[in-house]
Amino acid sequence: MSDDFEQVPFGGQPFVDNPEPRCPCLLLIDVSQSMRGRPIAEVNAGLKAFKADLNADSLAAKRVEVAMLTFGPVRVRQHFETADEFEPPRLDTEEDTPLGQAIIDGLDMLETRKELYKQNGIAYYRPWVFLITDGSPTDGELWKRAAALVREGEGSKAFSFFAVGVQGANMKILNAISERGALPLEGLMFRELFAWLSSSLKSVSHSRVGETVSLAKPDWTSV
Amino acid sequence: MGEAGWRIASARVAGTSHVMTGLPCQDAVSLTCEETGGAWFTAAIADGAGSAARSDRGSEQAARAVETFLSVQAANASPASALGRAAVLAAYRDAAAEIERLAAEEDQPVREYACTLLAAYVDAAGGVFAQVGDGAIVIRMDGETEWRPVFWPQHGRYANETNFIVGEGALDAFEHAYVEGRVAAVAMFTDGLENLVLDRAARTAPAPFFEHVAAPVRRLPRPGWDKALSDKLAAYLSSKDVSARTDDDITLVVASHGGPA
């Protein structure tokens, strides 16, 4: 036994390479006609800042997974990717507001992702779903089915669902969808919204066992 | 190689996230090694819930209470094999009751003291182990090379959920096992180390890390707890090698039987 060994008995990295626990975040973003102009420009700027914020935190960059659906029509713009791989696409306004279908498809995507985590023994945090809209659903009564799914998911703690209403949004329907109550966006404070979202996700992705994550009070809503 | 008997090193380090937020280290450790020749040892570790304000006190109390129970049994020559599920569960209940008393004294809700609790009593014939919550007790039997977790860490559905010894239905999660035979080495640790040393997909405890920390302990010249080596273990757990991979508190107890069998 060498003296050196006596002095430094422990060292090195004889560790297991487990995947980082994941913190999935699903964005459902309204790109209907009415979002044209400044609103969509602010959303795009907010998304860019969102990516930058998450990546400024090395743990969040590896743990937070972002997926994005836009509507309408409903399109998957980003499958779940860790924040360091997330490339926010430039969003343009399109047509209508199939909000119900977007929620249904989004939750389905989330379910598939969770299955994948389970199959691979990857630990994960309670997922977040973030809906942003400025209108009323244009896909008939589908939103009711979506609302039932959200209720069920919130009830079983399968995810946390946040609905954000931009000016012009049908808050009554949003409130019916979101158990915790829809949050009206102040003006066009999308950047503040995404800054809050990234900082909240950072807190969640750093949270330890038994920790109730306390979120900062949102500064982008009047509620 | 020196006389036979258990050698122990232990370390407790505050995670970088706790250092940054100013929270105390919420892990606690309590251990006893038989004085005359290290014929047996008892140990308990506890990890306070991250958001529970006084969980550092809760974990201290819990670890001490259960470990004291075990060491008194051992000192009274009651073998590990005599400690069945009911006896150890009763000791856990007592530890939880002490925390409830502490909470009442300080006029705080008991959840503020929530913590996990892992305990071990190992003698020449075998070992009795118990667990509520996450973290793990990993053992190697004499003559074997494989290390195995006695229980798998208890995690809830989500990464930041587990079971604690206080709260409604808390002790429903209580696990107990008696392992018969000569135990050669034991590592006990809180969840801060889990991701680095347990293979989550395969649910195994790959030997390299455990051999790495057990070897210097085994080579200690004398049985008993060694301060100098414990300090070095703490330095290692605080080093970049480890802190780059976890920002949580870590408690690690490494016990190895040494000397002629």
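A residue is called buried if 20 or more other C-beta atoms lie within 10 Å of its own, exposed if 12 or fewer do, and partly exposed in between, with the C-beta atoms placed from the backbone. The structure on your screen is a predicted model, in which local features need pLDDT of at least 70 and side-chain atom pairs count only at pLDDT 80 or more, while totals for chains, interfaces and linings use all residues. Residues are numbered from 1 along each chain as its sequence is written, and chains are lettered from A and ligands numbered from 1 in the order in which they are written.

**First stop: Leu198(B)**

Select Leu198(B), which sits in the loop between α4 (194-197) and α5 (207-218) of chain B; helices (H or I, at least four residues) and strands (E, at least two) are DSSP runs, numbered from the N terminus. Leu198(B) counts as buried because 24 other C-beta atoms lie within 10 Å. Two residues are in contact if their C-beta atoms, placed from the backbone, lie within 7 Å, and Leu198(B), leaving out residues up to four places away in sequence, touches Val16(A), Ala136(B), Pro149(B) and Ala205(B). If you also select Leu252(B), 54 residues apart from Leu198(B) along the chain, you will find their C-alpha atoms separated by 14 Å.

**Second stop: where the chains meet**

Now show both chains and look at the contact, to which chain B gives 37 residues and chain A gives 24 residues. On the side of chain B that touches chain A, α4, α5 and α6 (227-238) of chain B each supply at least two residues, and the largest share, 5 residues, comes from α5(B). That side of chain B divides into 18 nonpolar, 8 polar and 11 charged residues, where Ala, Val, Leu, Ile, Met, Phe, Trp, Tyr, Cys and Pro count as nonpolar, Asp, Glu, Lys and Arg as charged, and the others, Gly among them, as polar.

Colour the strands of chain B and find the open sheet of 6 strands, ordered β7-β6-β9-β11-β1-β10, whose pairing is mixed; two strands pair if DSSP finds at least two bridges between them. Its edges are β7 (147-149) and β10 (224-225) of chain B, each with a single partner strand, so one side of each has no neighbour in the sheet. Strand β6 (residues 136-141) of chain B runs antiparallel to β7(B) and is joined to β7(B) by 3 bridges, and Val138(B) stands opposite Pro149(B). Packed on this sheet is α5(B), which touches β1 (5-13), β6, β7, β9 (183-189) and β11 (250-258) of chain B and makes about 60° with the direction of β11(B). Also on the sheet is α6(B), touching β1, β10 and β11 of chain B, with its direction at about 40° to that of β1(B). Such angles run from 0 to 180 degrees between N-to-C directions, and axes are lines fitted to C-alpha atoms, for helices over the stretch in contact.

Another selection in chain B is an open sheet of 5 strands in the order β2-β3-β4-β5-β8, with antiparallel pairing. The edge strands β2 (27-33) and β8 (175-180) of chain B each pair on one side only, and the twist averages 10° from one strand to the next. β2(B) pairs with strand β3 (residues 41-47) of chain B over 7 bridges in the antiparallel sense, Ala28(B) having Ala46(B) as its bridge partner.

Next, show α2(B), which lies across β2, β3 and β4 (117-122) of chain B and runs at about 165° to β3(B). The axes of α2 (residues 55-75) and α3 (residues 85-105) of chain B come within 9 Å and cross at roughly 145°.

**Last stop: the cores and chain A**

A nonpolar core is a set of buried Ala, Val, Leu, Ile, Met, Phe, Trp, Tyr and Cys residues joined through C-beta atoms within 7 Å. The largest has 82 residues, and Ile8(B), Val66(B) and Leu117(B) have the most contacts inside it. Apart from that core lies another, of 62 residues, among them Phe50(A), Ala61(A), Phe86(A) and Phe161(A).

Finally, select chain A, which has 7 helices and 6 strands. Of its 223 residues, 45% count as buried, and its C-alpha atoms fill a box of roughly 75 × 35 × 30 Å along the principal axes.
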